[in-house]
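Please open the structure in your viewer and keep the selection tool at hand.

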There are 2 protein chains.
Amino acid sequence: MDGLTIQEAAATTGWSPRMLRYIERAGLLELGRSPAGYRLYGPEQLQRLRTLRQLLARMNFGLAELGFALRLRRDPELRAAVNRWLDAAPERPAHVAPDDWLRWEQQKHQALIAAAHTTEMEIA
Amino acid sequence: MDGLTIQEAAATTGWSPRMLRYIERAGLLELGRSPAGYRLYGPEQLQRLRTLRQLLARMNFGLAELGFALRLRRDPELRAAVNRWLDAAPERPAHVAPDDWLRWEQQKHQALIAAAHTTEMEIA
DNA sequence: CGCACCTTGACAAAGTTTTGGTAACGTTGC
DNA sequence: GCAACGTTACCAAAACTTTGTCAAGGTGCG
């Protein structure tokens with residue numbers, strides 16, 4: 001049998017089995033199937049899964065966003081529409097502070113940020 | 001004064017004032033400001049806002065995704081990383097059913113879908 | 001056969017985003 | 001000066017996503 005089962009793949013990639021199914025469903029990974037329908041994870045898929053974790057962690061975005069990127073590259077009409085809109089976009093590059101991009105609204109963590117700030121001051 | 005105020009802009013675009021501020025914060029729209037700091041919506045911005053609604057409605061995605069698209073086009077490093085990952089992607093185009101893309105998990109609406117189904121049958 | 005694994009589908013807890021509201025304070029115009 | 005609007009900041013309801021878990025049933029292998 002050519003490939004690991006989902007549980008083994010989970011063990012070596014750090015994703016949970018649930019997430020592995022989710023990722024497949026998101027269209028981000030294609031898998032072979034055994035005759036009985038078992039997902040088969042080959043070396044290539046395992047590599048991709050590991051890379052995926054780093055990518056998401058380091059560039060700070062999620063599966064949803066990556067899924068949209070994939071959708072963009074696959075659907076020319078969508079790409080065209082999005083580009084058409086963005087082309088009439090802000091001239092000034094990066095008028096938004098870098099961190100604003102990470103998650104638009106820091107609002108979400110007001111309290112936490114305040115707390116972190118306190119901590120920082122204590123650390124400093 | 002060159003441009004509508006936020007409330008007027010809301011009235012002619014169909015967005016709520018709250019959302020207009022949100023959109024600006026998301027980096028999707030740049031606005032002029034009056035000396036006192038009031039947002040000024042010119043014809044161009046109004047047009048963009050209207051287009052935006054159609055775009056989101058018709059292509060079925062949200063501000064977050066559009067924001068990511070913008071982030072992609074502005075941040076070459078991000079774009080490179082994403083492309084590198086996607087390039088080793090599924091050969092078969094569109095193996096996912098079209099509707100699967102809209103929102104990956106229909107799961108969310110199980111009950112609603114069931115209800116809708118019932119309705120459909122009654123309609124039919 | 002029996003045990004441990006797989007499949008899909010559903011439900012739901014947890015976490016985020018989206019959207020609205022409200023408070024405190026400045027501006028515009030009559 | 002007052003009414004009607006603007007600003008930001010914060011809280012919170014609603015909606016959605018992410019992730020876990022469980023049930024019902026199929027597969028693999030000793």
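## A charge over a ring

Begin by selecting Arg48(A) and Trp85(B): the charged end of Arg48(A) sits over the ring of Trp85(B), at 3.8 Å from the centre of that ring. Please bear in mind throughout that the model is predicted. Next, select Arg48(B) and Trp85(A). Here Arg48(B) lies over the face of Trp85(A), and the distance to the ring centre is 3.8 Å.

## Chain A as a whole

Seven helices and two strands are present in chain A. Followed from the N terminus, the order of these elements is α-α-β-β-α-α-α-α-α. Colour the chain by burial, and 40% of the 124 residues in chain A fall into the buried group. Among the contacts in chain A with a separation of 6 or more, 47% are between residues 24 or more positions apart.

## The aromatic pairs

How many aromatic pairs does a search of the whole structure find? The search finds two over all chains.

For one of them, select Phe61(A) and Phe68(B), which form a tilted pair with 5.1 Å from centre to centre and 45° between the planes. This pair crosses between chains: Phe61(A) is in the loop between helix H3 (43–59) and helix H4 (63–74) of chain A, while Phe68(B) is in helix H4 (residues 63–74) of chain B.

Then select Phe68(A) and Phe61(B). The ring centres of Phe68(A) and Phe61(B) are 5.0 Å apart and their planes meet at 45°, so this pair is tilted. It also crosses between chains, running from Phe68(A) in helix H4 of chain A to Phe61(B) in the loop between helix H3 (43–59) and H4 of chain B. Both Phe68(A) and Phe61(B) are buried.

## The salt bridges

The last stops concern charged side chains. Over all chains, the structure holds six salt bridges.

Select Asp87(A) and Arg73(B), whose side chains meet in a salt bridge with an N to O distance of 3.0 Å. Asp87(A) counts as exposed because its relative accessibility is 55%, whereas Arg73(B), at 33%, counts as partly exposed.

Arg33(B) forms a salt bridge with Glu24(B), with the closest N and O atoms 3.3 Å apart. Arg33(B) is partly exposed, at 43% relative accessibility, while Glu24(B) is buried, with a relative accessible area of 16%. Arg39(B) also forms a salt bridge with Glu24(B), and there the closest N and O atoms are 2.6 Å apart. This second bridge links distant parts of the chain, 15 residues apart: Arg39(B) is in strand E2 (residues 39–40) and Glu24(B) in helix H2 (residues 17–25) of chain B.

Finally, select Glu24(A), Arg33(A) and Arg39(A), which are joined into one network by salt bridges that share partners.

How values were computed
Residues numbered from 1 in each chain as written. Chains lettered and ligands numbered in written order. Predicted model: local features only at pLDDT ≥ 70, side-chain atom pairs only at ≥ 80, totals over all residues. Heavy atoms only, no water. Helix = DSSP H or I, 4+ residues; strand = E, 2+ residues; numbered from the N terminus. Buried < 20%, exposed > 50% of the residue type's maximum accessible area, 1.4 Å probe, protein only. Contact = heavy atoms within 4.5 Å. Phe/Tyr/Trp six-rings, centres within 6.5 Å; stacked < 30°, edge-to-face > 60°. Lys NZ or Arg CZ within 6 Å of the ring centre and 35° of its normal. Salt bridge = Lys/Arg side-chain N within 4 Å of Asp/Glu carboxyl O.
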